[in-house]
Amino acid sequence: MIEVRELSKRYGAVRAVDGLSFTVEPGYVAGFLGPNGAGKSTTMRAVLGLDAPTSGEALVNGGRYADIRRPMCEVGALLDANAVHGGRSAVNHLRCLARSNGIGDKRVVEVLEQVGLAGAARRRVAAMSLGMKQRLGVAAALLGDPGVLLFDEPVNGLDPEGIRWIRDLMRGLAAEGRTVLVSSHLMSEMAVTADRVVVIGRGRLILETSMRELTERF
Ligand code: ADP
Ligand code: ADP
């Protein structure tokens, strides 16, 4: 599970996240909804230990990311597909990540298969379309078979088939009992993927409720 407790993150004078608390339990897709600049990415980066909070904490299965012994086996993340770059092939990219996390090469073959990139394993990352990079990013997130998964605006820029694929994937991961948090600035996206929704604005919690409750109220 994910526990965000009184999390605050300032960048100079900007309060990117401001006393935010919410919990995401295993077994469903939690939508993280808010306009651009609301603090969704900052929160996810705090969960992943990529940014130290100004105050408060973000915990994965009760521990801070920095204290987790095998982080990729606890939490996987798809933050920005465009951030996957370099001249290496898809399979080498994954092997490097796997090895540095104590994960065997056999798992690399499995995740390439799972995301539909088995036939493109030798393709250079730099030569991949956004949709393929997205699948490669998902493969990286799944490498450690983690129980917690974060997806930051995963449908942005994808074609309809890619969008359908990633929605189905997230639903499937939740159905397996994993904890899934997916951000979007679009209510329409939440309506088709999320069971619960955490709504934030200006770094603060606005509403945390079930999707059913939200659609009945508005
Ligand atoms: P969201 O993901 O909801 O679009 P972000 O977490 O990216 O929101 O941004 C929240 C706020 O923090 C915005 O005002 C953004 O400009 C600011 N911000 C995010 N990252 C940085 C950074 N590295 N340096 C300065 N300001 C930042
Ligand atoms: P760099 O690109 O600077 O080499 P990495 O992205 O490889 O850094 O790793 C930075 C940190 O994020 C590491 O602790 C790594 O375990 C973690 N990490 C990288 N990719 C993922 C992922 N897909 N899911 C979860 N954690 C990840």
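**View 1. Tyr65 and Ala77 beside ligand 2.** In this predicted model, the side chain of Tyr65 places an N or O atom 3.3 Å from a nitrogen atom of ligand 2. Look next at Ala77, where the backbone is the part to follow: one of its N or O atoms lies 3.1 Å from a nitrogen atom of ligand 2.

**View 2. The residues around ligand 2.** Here you can pick out the whole surrounding set: Tyr65, Met72, Val75, Gly76, Ala77, Asn101, Ala140 and Ala141. Sorted by class, this shell holds 6 nonpolar and 2 polar residues, and no charged ones.

**View 3. Strand S6 and helix H5 at ligand 2.** Two elements, strand S6 (75-78) and helix H5 (130-142), each give at least two residues to the shell around ligand 2. Strand S6 provides the largest share, with 3 residues.

**View 4. Glu3 in strand S1.** Now we turn to another spot. Glu3 belongs to strand S1, which spans residues 2-11. Is Glu3 buried or exposed? Its relative accessibility is 16%, so Glu3 counts as buried, since the limit for buried is under 20%. The side chain of Glu3 also makes a polar contact of 2.9 Å with the side chain of Arg5.

View 5. Leaving out residues up to four places away in sequence, Glu3 touches Phe22, Thr23, Glu57, Ala58, Leu59 and Gly62.

Terms used: Residues numbered from 1 in each chain as written. Chains lettered and ligands numbered in written order. Predicted model: local features only at pLDDT ≥ 70, side-chain atom pairs only at ≥ 80, totals over all residues. Heavy atoms only, no water. Near = heavy atom within 4 Å. Polar contact = N/O pair within 3.5 Å; in protein donor to acceptor, adjacent residues only side chain to side chain. Helix = DSSP H or I, 4+ residues; strand = E, 2+ residues; numbered from the N terminus. Nonpolar A, V, L, I, M, F, W, Y, C, P; charged D, E, K, R; others polar. Buried < 20%, exposed > 50% of the residue type's maximum accessible area, 1.4 Å probe, protein only. Contact = heavy atoms within 4.5 Å.
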